[in-house]
Every structure is written in C-alpha cells, then in structure tokens.
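Student: I would like to learn how to read strands, helices and single residues in a model like this one. Can we go through some cases in turn?

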Amino acid sequence: MNSQYMPQQPPQYGASPGSGFGPSQGGYAPQGPNKPAPNQSGFQQPPQMTGLQRGGPPPGLVRGNLPPSGSNISHSVPNGPSHGSPNVQGPHMQGMPIQSALANPGFGPANYHSPGGSPMGHPGSPSQPPPSGPPPMQPHPGSGPGAPPSPSPNQMTAQMAGMNIGGPPRVPTSNSGLPNVPNKAGMTPPASSPPNNYPGAINGGPPPAQGPPAERLPGKQYVNGSMGPPPISGGGPMPPHMAPHGGPPHGMGPSPHFGGPPQPGGMPSLSQGGMPPPPGGMMPPQNNLPPHPGGMPPPRGGMPPQGGMPPQGGMPPQGGMPPQGGMPPQGGMPPQGGMPPQGAMPPPGGMPSHGSMPPPPGTMGGMPPHGGPLQGNMPPPGRMPYPQPGVPPPVDTYQGSMSGPPSGPYGSQQNMGSAQVQGHNYSQPPQSHPSMQSQQARRLDPDQMPSPIQVMQDDQRNRSGIFYTNQKGQVPPLVTTNFVTQDQGNAGPHYIRSTMYNIPATIDMMKQTAVPFGLVLSPLARTADEEYPPPIVDMGELGPVRCIRCKAYMCPFMQFIDGGRRFHCLFCKATTEVPAEYFQHLDHTGQRVDRFERPELTFGTYEFVATKDYCRNNTFPKPPALIFLIDVSYNNIKSGMVHLLCKEMKEILKLLPNDAGAKQSVMRVGFITYNNTVHFYNIKGCLAQPQMMVVGDVQDMFMPLLEGFLCDPSESEAVIDSLMEQIPAMFADTRETETVLAPAIQAGLEALKASECAGKLLVFHSSLPIAEAPGKLKNRDERKLLATEKEKTVLAPQVNTYNNLGQDCVGAGCSVDLFVFNNSYIDIATIGQVCRLTGGEIFKYTYFQADLDGDRLIADIKNNISRPIAFDSIMRVRTSTGVRATDFYGHFFMSNTTDMELASIDCDKAVAVEIKHDDKLTEEDGVYVQVALLYTSCGGQRRLRVLNLSFKTCSQMADLYRSCDLDSIVNFFSKQVVFRLLESSPKQVKDSLVNRCAQMLACYRKNCASPSSAGQLILPECMKLLPLYVNCILKSDAVSGGSDMTIDDRSFVMQAVSIMDLPSSVVYFYPRLIPLHDIDVDSSDIPAPIRCTADKIRDEGVYLLENGVHMFLWIGLNVGMDWVQNVFGVHSAAQIDIDRTALPELDNPLSQRITSLVSTVRQQRHRSMRLTLVRQRDKLEMVFKHFLVEDRGFDGSASYVDFLCHMHKEIRNLLS
C-alpha cells in the first residue's frame, strides 16, 4: 500500500483549500445576531460568607474572584440580556415536507437548508414513489468464500428425539448443571423471598426497601430430593388439561402463552387433539427424572427474580399438578407397567439439588412443553457443516423432524418415533401397559441444537485473515471474527453492514420472505490495527465532485464516458459533465488512467475536505468545545462524586481528542456547576484565581460571560487546577437537595452559541429535577405498569421540555451525555430525550459511592472524551433507483424525511436504516448505497465521510437466504422493537417479531428446502441461530423488563440498545460465559466461551459472565482450595467476601492472570462494567441465572429448546 495512506497522517489529496469558488448556495441557514450583553435582571448579588444560601452563589466571592475563606464579598454584575435569544434555526430542506410529530414522534421542524449545491441534496430521482406494502425482510450471511453450498436433495435425517419400541433402556446422559428437581405435591414455598429489587452489588450500593415478592412466581419451590408428580395414568379420552385449543390446562394456571397471558384466539393450549398414544405403556424417566403429567413443566425457579432484573417474556408460571395414582418404582429402576415413577431418586451429577435453584433447562422438569418431537439432520452447530460418520454432510440446512403434530406454545414433545442424534441411537424400553397414554415429555438434548459458540468458532477458523471488498454483494465474516478489511471499492463491514447482500428483485419476493433489508451504520467505527484509516481527499476550491441530479458523491461506482468528459451515475442514471479541473483521460478499459492516485475512485470509504458551502453561514467552523456541568447538590457531595471528579480532572483533560497527525488537541473546555441556581466560571489563563458568576433566574437562562468561559486547558491549566480545588470546598456544607436540570443544559447550550462553536455537554446529575424551574418533573415511579399494556405511560416522556431542549441543542451542534448518580427515581425516560435527540448517551451509576464505583466512573469519562468523535453532523443515505431508505432507528433528530442530524456521533454508536422497494429491480444492475456523513472534526475541520456499498440482486429465494447477515438482522430487529414499544403494546410488538421470524423460516422451508417430512424443522444455514437470538431479544431486559426492575433501569437499557453497534448487541443478547477454573496462566488469550446455560456450569468451577452492561464472577462451592487461595487469599469459597467489587491483587501468577483477564474484558466494552461476585446458592445467584439465556426464565419465559419447538409449530401452521 502506498505510504501516503499510512495511518499516522491522513494525506491531503489535491490542491489546498481556497475560498470564493464553488456553489454559492450555502448548506446552512444564517444564525442571526449574537445575543446582546446581559442586563442586571437575571443576576443575584452573591451573599455574605455564611455558607450556601438558596438562590445565591457559594461563599467566598470577592469581585468575582474566588478568595480565600473568610473575606467579605462584593460582586460586579454585568448587564442582563435583552431576552431575545437568537433563534438559531438550522438550515431547512427546501421543498421537503416536514414530518409531523404524530407521524414521527420527537421530530420537529426542519433544520437544514439543502439547495442544489448543498451537501445533502435530494436522494434518488424525483420519480421515486413511496413504497407500498409491509417492510421487506432480511436474510443472513452464508454466501461468499467459506459459506456452505446451496441446498441439495441429499439432506440427512438424523432424528433428535424418540424411542424404539422394544429396545433396551436408554442410559441417561449425565447432566452437568443443576439437576431438575420438581417439587412433591403439597409442598409449600419457603417462608421468605428475596427482596424485590436488585441488590446493591448490581446497581452500585444498598438496595431500596424490600417490596413484596414478585407476583409472577411459580407457586411451588424445588426442594432437594423431591421428584414431582407422576404421569397421569389411565386410558380413555384426553384429560381436560390436555384438550386441544382450549383455555388454560385444568388446575395448572394459564398456559404458557408467548409474551403474556393467553388471549382468546391466541395460541392453543398445551396439546393438540387427535394424537395417538405411542404403543405400550410408559416411558422411563429421562436422567432419573419422572415425566410430568400432560407434559407440563414443573415450576421453574424457587426464588422470585431479584429487583432490577426483569422477568422475561411475561409468561405466567406453571402450577403444579397433584400426583395421580400409581406407586413409585424402586430407586433407579425403570418403572414397571402401569407404575409411574416418582419420589426419591437421586439427582444426576453436577450441582447438588438446592431448594432455591432452578433445574437446568432441557431436563424434563426444566423444559416447558414442546411443539412436537424435533428430529434429525442437524449438522453440528456451526457455520460450516461437517460430515458425521456414515452420514452425508447436510447441505445449507438444519433439520429436526417432528413426528407428531406439535402441541401448544412451548408444549411438550409427545409421540416420539425412533430417534437418531448425530449417529447415536437413543431408544426407549417398551411401554408395558396400553392404558398408559403418552402424556409425558421427552427431553431434547440442548447440545444438539445449533450453538452460537460453535458458529463463532467455525467462522473464526474459516474466515479470519484478510477480507477483500472487491466483489459486489460479498457477505462479510461474523462480527465476532478477527479479520482485517482490505478496502477495494466497498466500505468495510466495521462501518456498514447489511442484513442481506443479495437483494430480491421484486417487492413481492421481499414480502414473501419477510427478511428485512436494513443497514447498520457505524460511520466512525475504529479501524483494526492492521487497517488504514480512511484517506482524506482535498479537492481545493472545487470541492467534492457530485452527480448533477441526485447529488451523490464521486465514488468507484461512477462510470466515465465520452473520453472522460462525462460520468454516468449508477444511483440515479443521470449523466454529469466532469469539471475541467477534474478531467482525466481513460485507458483502453474505459477506466481513468489516474484512478489509483484518487482514493474516491478506488476505495469504498474515504473523506473529502469540505468547502465553505458545507458550513454554517458559509463560514469555516471553530474547534468544538467540551463543557462539564456538575450537579453540586447534597447527594453528589455526600457520595464523593464531586470531590473525585475534581481530583481527576487534570488527568481527564489530557485525553481530549485531536485529529490524526496533530500534536495536541485544540478543543476548549468550560465548567458550570448547578443546584437550584447555575454557576459559571471564568478560567481565563491570565487570571490569578477563577471567577464565579451566578445566574439565579433559572426561568430565563443566559450566558453572563462573553469571554474566558471556554479556554484551552493547557493555557489555563493553573486556573483550572485552582478551580478544581475550590469547588469541593465551596459546596462541602451544602444542604441543597432540590435541583434544576433543563436550565443547566440551557446554560451550556447558550455558552456554545455565544462562542459560535459546536461541542458536547457532560452532565453529572443526581436526582429528579423538582426545583421550580423549566423542566420540573413529578415522581411517577409506578413500576407495576412495566410489562403491561400501560407501560408506555411511564416509558414515554412526561413533559416536552427536554424534547424541545434537545432540538434546540441539535440546531446549535450541541450534544449531551448524561452521567446519572441516582439513589431513587430520576425519570430517565424524560430527561434522556436530550441525549436521544442530540446523538448522546446515558451512563448510570445507581447508589454511587466514590470508593466502590469511582474507578468505573473515571474510566467511562476518559473513554467518552478520548474516543473518535464527529460533531455537528448530518448523515444521509442515498440508494440507487428501485429502493429507498424509509425508516431510521437510533439517537438523532430528523427535521425532514432524509437527513439524520447528530450533534455528535462516536465510534461506539450505530444507527439502523430500513430500506424498502419502490420499484422492480433488474438482476444486471444491482443495488448501490452511499452513506454521506458531513461533520466537524475534533480539530475544527469540516469534512465529508463517504461509505459506499454494492449489492447483487436475485430472483431466486435461495440466493437471498444464502447471503444474510444474522448479526445485523438481530441488531436491526432489536432497535426496531425498542422503538415500537413506545408506540404499541408489548404483546403486539413481541407477537409481531415472532410471526416475522416464523415467516422468514417458513418461506425458506417452502421454497428453498428439499422435500421432506412435515415433522422436520429445516433452517437455512446462515439463519440457524435466528430462533435463539429472537428468543434472546424477547427475554432481554430492554424488551421484557417487568416490575422487578426499576423504570429507570428499563429506560436505560432501552436507550442503550437503540445506539448499540454490532459487537455490543451480539454480546448483550447472548452474553459471554467464560470458564476460569482451568485457565492457562501462561497464555494471554481469553479462554473460549461456553454456552449460556446452567447445564454447562459445574459446582467446582468459576465462571465470568458479561454482556457489556453487567459482569458477574460466579464461584462454585466446590471450587479447588488452591484456586480460591491464589485468587482471593482465603481457604474456601464460603469465606470469600462477595460484597467487594474488585479482585484482590495477590503476588502469584493465577491472581495476576485473572485480574488481567477481567481488565481486558472491560476494555473490550465501551462501558466499564462493575464486577459482581456471586457465590453458588447465594441470593444473587438468581440475578446471575437471569442472564443464562438458553435456560427457561424464572418468570416462565421460554428456554431455547422450547422456543425452537414453538417456532417449529408456528412454521407448520404457516405452511398448512
């Protein structure tokens, strides 16, 4: 690669920037005059030095200087405002309709001019009509190098469950997790239940007062040794609780209905009628566990979910059934004819049975009923199938044959035929009494289900290395795979991924497959170490060359004609004259002879230096600024947050970002403190002491300082150091508990407007703003409404103040990040609107204590300000004719239907864009997408980052299903679901997602798979994990968080999901579970993760579980003494202090290795996760198990196996 593309100093191509040339029409509306000087009306005289008084400044002010304590105070007051704050409106899109607030909630008036020469002209041709019909759906990756072949008729049929009549008894497979120990009839739950809130170890401090136990709990608890009721005996008609399509099974509570209680006309109850019993009598219990009557699962967990962790899925718990006649067999023997097994069989190996622990999923008791026996033809989970002994390799499909009609939602598997699993025969003894009906469930082995761990490992093995982007429609490796992108004409997958890379040619095909066509965009994503940063092209006064009609930027997709004098645009098909300064001859292939010298003709990702026409008021911008707004009320002083922040400020400011190649940052900083008034500080470098000005009139906020507020931190270093020493002392004795918030943010906005620069506000806030001021909020902490039809009322903002403030901020290029330190309800749903609309985010530290959580806070702040970031940006997605961008999900503001306005966007954020057909496509043309991000860099340079991506088109569904990217589909669906939860009921949103998933898989089965038994579940290779991931979305806190978590926690994770990039969403929905008990101390690699299920956890093990928000270290009670001694310095697991949030630093290789690994895992995530220690059988174990997403939830939400069977039933219903 040419040295001019080296990462240290992005090259400037072409002439130097000049002025006076280029389109005359500016991209931004004029700003109006600066705000006049303030008058005295908005000011209070500082009080005498008698401690803090309400409405006035803290003590210690002489002539605006901060004096030593004890001096009297006088204060010169500048003139107040003329109360005509300049209405800084961004440029309007002329001729574009303004989307109403109803049609697009939270989006207000138009904000940017974009005439013909503007940076963001109208996309596509004027002839594009709106699309019709439902949104298209997307497939998942599977084509390209390393992808499996297309389906062939030779699909193997390994069966997954069943019995051979007359065969010997099956030897139970050992179950390494918690044994399934259902309770005996008549057993009562334990007297005490854990508190109804997250323990302090999760949120960062002591929990609130205990509430009543969660209501949606199983009625009975598991007790050691009890084995639950025997199966129903007797022949004749189906018992009432097995009646098809009826109400809830008799005596068992409501049937497990997806996403909530059963609805009339909804899913049928647990069995379908007309199923013949298998010949013979009863099956023996699996894994020494008895079958359950009617295939109903026993209650799952013994303890209610901890507060803060929502129950998932909203499904009611299953009640227990009284045992019916029959006598228990003697220990361990298969039951004799007519005698149902029951009673005191010992649990299998693994964790000892424990009253408060649920059984592992997949064991009979832990498994909710299933939709029919799932059988055969499963390749080992993984991206590339591998041959099994004596079996031809599967082709592009994952199959499981279901020999009987599936029973109700997540119903029991019944009526099994003989099963062959991966070459092993499992057979059942004959049933010796015909009167015994087949009413018991049969365990499916979860290990035979497609495994995400295996898929990731296979992809890492097959597709790591270099990924070349020289082909149209090439499916990239998985997000979790380590690979290096070599840009050869299409943007790398770090920046842009699509849910599908082969686009259906017709709207009808898109509707049939239901796969969404969506893009996940992270335009500022970090590049890998071996990758080059996007080159920077400087076209001088000419500016970027663009299409005359659709305004697309010059890119590798443009075709030069007429000897190089014109170019043909592949986006809108228009032909544009090449400017004389840009002309170059063509070679014999029709390519420009200088194409390898011009990044915009050879790369998929590059940047243009923008001309004045792309700047506000046609003026080049000033460098952006960073303003710290610190809440100095009682809570933040008492917790130590203010003292900690001031102490660390010097180190924080050393990390301000700069442009590549610059020696130091040119960003300026400013400081504001506030409680029920707002305090500005003059930190000009020539001052001996910082000066403080107090604005007491919070109803009409203005900027009292015209200069000296924003300063270079290196020039003003001594003054800033002095200020950081004085702030904690000034407010040390405060008793102020009522705070404002909106006026403080308004103050920061006014400061940036007065300085005529873009920037970011870092707001450190502690409590619900209840002081009399704009933005005052009421407490509406009604968590019982979560997971009900009325949850929208507490998840939507209660006032519009913060939405309007957010829109004002975007108009001025002011982004807001909130650091929240709440000890009670703070209404993130409302105050978080400022972050949502400005491209910011929220960091949350509930029950913050500086000694416990300080390191986490400082790490988050340092990462926040040092990461790559763009300010005052607009992003537009242009597409070739036939498709167009219609829906947008993420944190931004839209004043029209095409432009996303982001006051800032950084490397950790992503937005999702849905693209729909508005015309038929042709297979020859393909589909082209160009994303343009116009922004101001950290150094104050206006730039355009351009991402280009090309796709194939197809008329065969098999081609679509071979080229889907499941990681992108999951990220897209999660953002879409969170957005829709604020508009529709939770049940509608979840049902819609399940139905869409079923439609995607049913369409594949119907149109692409080889003919096979209706009982087989066949999944496309690149979507075989779709049921798992959809179930994970449905179970996640963001989607199903109920009344056992706080409303603020729920709003926080919903906002977090809406900005997640792909690496974050993959680990959030399927957490990483890493075994540490047998770690190699000589290696520096992270051990291979294991499947997220209690089946894989041994009580002599230690496991680290993390999902990017939470991190747990689970310690088994039987872990080796040496391990505990080396890592914790105590003799046994029982002696470990689990309240600590950091591991002790001991001088031995194992301790250093574990500490290093925890640190490495933290650094891989953009939030610093608090480490929570969980000892086996302690109360926190329920919270840990809530994140074992393959298992059944404590609230009755489906396990992976259950949901897979439910999906199979849904698919069969669609096909029939």
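Student: Which residue in β19 does leucine 629 stand opposite?

Tutor: Leucine 629 stands opposite valine 763 in β19. Strands (E, at least two residues) and helices (H or I, at least four) are DSSP runs, numbered from the N terminus. Two strands pair if DSSP finds at least two bridges between them. Here β15 (residues 625-631) and β19 (residues 759-765) are joined by six bridges in the parallel sense.

Student: What should I know about the model itself?

Tutor: The model is predicted; local features need pLDDT of at least 70, side-chain atom pairs count only at pLDDT 80 or more, and totals for chains, interfaces and linings use all residues. Residues are numbered from 1 along each chain as its sequence is written, and side-chain values use heavy atoms, with hydrogens and water left out.

Student: In what order do the seven strands of the open sheet run?

Tutor: The order is β18-β17-β16-β15-β19-β20-β21, with mixed pairing. At the edges are β18 (691-695) and β21 (842-844), each pairing on one side only. From one strand to the next the twist averages 20°.

Student: Which helix lies across β15, β16 and β19?

Tutor: Helix α6 (residues 641-653) does, running at about 165° to β15. Axes are lines fitted to C-alpha atoms, for helices over the stretch in contact, and angles run from 0 to 180 degrees between N-to-C directions. Contact means heavy atoms within 4.5 Å.

Student: Which way do the side chains of β14 point?

Tutor: In a regular strand the side chains alternate between the two faces of the sheet. In β14, Thr605, Glu607 and Val609 point one way, and Tyr606 and Phe608 the other way. Five of the five residues of β14 (605-609) are buried. Buried means under 20% relative accessible area, exposed over 50%, and partly exposed in between (1.4 Å probe, protein chains only).

Student: Which strands pair with β14?

Tutor: Strand β10 (residues 536-537) runs parallel to β14, joined by two bridges, and isoleucine 536 stands opposite glutamate 607. Strand β27 (residues 942-954) pairs with β14 in the antiparallel sense over five bridges, where valine 609 stands opposite arginine 943.

Student: How do α15 and α19 cross?

Tutor: The axes of α15 (residues 966-981) and α19 (residues 1047-1059) come within 8 Å and cross at roughly 140°. Angles under 35 degrees count as roughly parallel, over 145 as roughly antiparallel, 65 to 115 as roughly perpendicular and the rest as oblique. The two helices are therefore oblique to each other. Residues that meet there include Val978 and Leu981 in α15 and Met1054 and Val1057 in α19.

Student: Is aspartate 860 buried or exposed?

Tutor: Aspartate 860 counts as buried because its relative accessibility is 3%. This residue lies in helix α13 (residues 850-866). A polar contact is a pair of N or O atoms within 3.5 Å; within protein, one must be able to donate a hydrogen and the other to accept it, and residues adjacent in sequence count only if both atoms are side-chain atoms. A polar atom of the aspartate 860 side chain lies 2.7 Å from the backbone nitrogen of serine 1168.

Student: Where is threonine 838 found?

Tutor: Threonine 838 is in helix α12 (residues 833-838), and is buried, with a relative accessible area of 0%. A polar atom of the threonine 838 side chain lies 2.7 Å from the backbone oxygen of valine 834.
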